[in-house]
Amino acid sequence: MPPKFKRHLNDDEVTGSVRSERRNLLEEDSDDEDDFFLLNVSLHTWFFSVQLQVDEVIGVMQENISKVIERGERLDDLQDKSESLSDNASAFSSRAKQLHRRMWWRDMKMKIIIALVVIALLLIIIIPVILRYR
């Protein structure tokens, strides 16, 4: 429902209301500028914070990459050493087999020589005894 009485504004009230409207607009503009400035500062702070985090992540990733590269180099060294050790083990095994055969033959020669000496001694002792009793 419309108001029953309309209030008529005089010139001072009109000018005062325009002035107050201007002041409100200026204050709003000022708030917008302040908000814009504060927004820029907070965006700058946020961007700086994000940039620091990105730099930190980049640093961590570079460190991880260098560690992976070092680990790969150590694995290559370890693989080379294990191949060398495997080759040395094969050579040792073949030499050990050869040495075992040589020692076995040397031992067998010694046993054969001792057996021949014992047989010769027995023959030397037994043949004269047999010839005497015949």
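Relative accessible area, taken with a 1.4 Å probe and protein chains only, sorts residues into buried (under 20%), exposed (over 50%) and partly exposed (in between). The model is a predicted one, in which local features need pLDDT of at least 70 and side-chain atom pairs count only at pLDDT 80 or more, while totals for chains, interfaces and linings use all residues. Residues are numbered from 1 along each chain as its sequence is written, and side-chain values use heavy atoms, with hydrogens and water left out.

The protein chain contains 1 helix and 0 strands, where helices are DSSP runs of H or I with at least four residues and strands are E runs of at least two, numbered from the N terminus. Of its 134 residues, 0% count as buried. The accessible surface is about 13300 Å², with 63% belonging to carbon and sulfur atoms; the area comes from the Shrake-Rupley method.

In an unreviewed entry, UniProt places a "transmembrane region" at residues 112–131; such annotations may be inferred rather than shown by experiment. That segment is 100% helix and 0% strand, and its end C-alpha atoms lie 28 Å apart.

Side chains of opposite charge can pair when their charged atoms come close. The count comes to 2 salt bridges, each a side-chain nitrogen of Lys or Arg within 4 Å of a carboxyl oxygen of Asp or Glu. In one of them, Glu-63 pairs with Lys-67, with the closest N and O atoms 3.3 Å apart. These two residues are 4 residues apart in helix 1 (residues 11–133), and so are separated by about one helical turn. Glu-63 is partly exposed at 43% relative accessibility, as is Lys-67 at 46%.

Asp-107 and Lys-111 also form a salt bridge, at 3.6 Å from N to O. Because Asp-107 and Lys-111 are 4 residues apart in helix 1, about one helical turn separates them. Asp-107 is partly exposed, with a relative accessible area of 37%.

Conventions. Areas by Shrake-Rupley, 256 points an atom, 1.4 Å probe, with all protein chains shown as cover.
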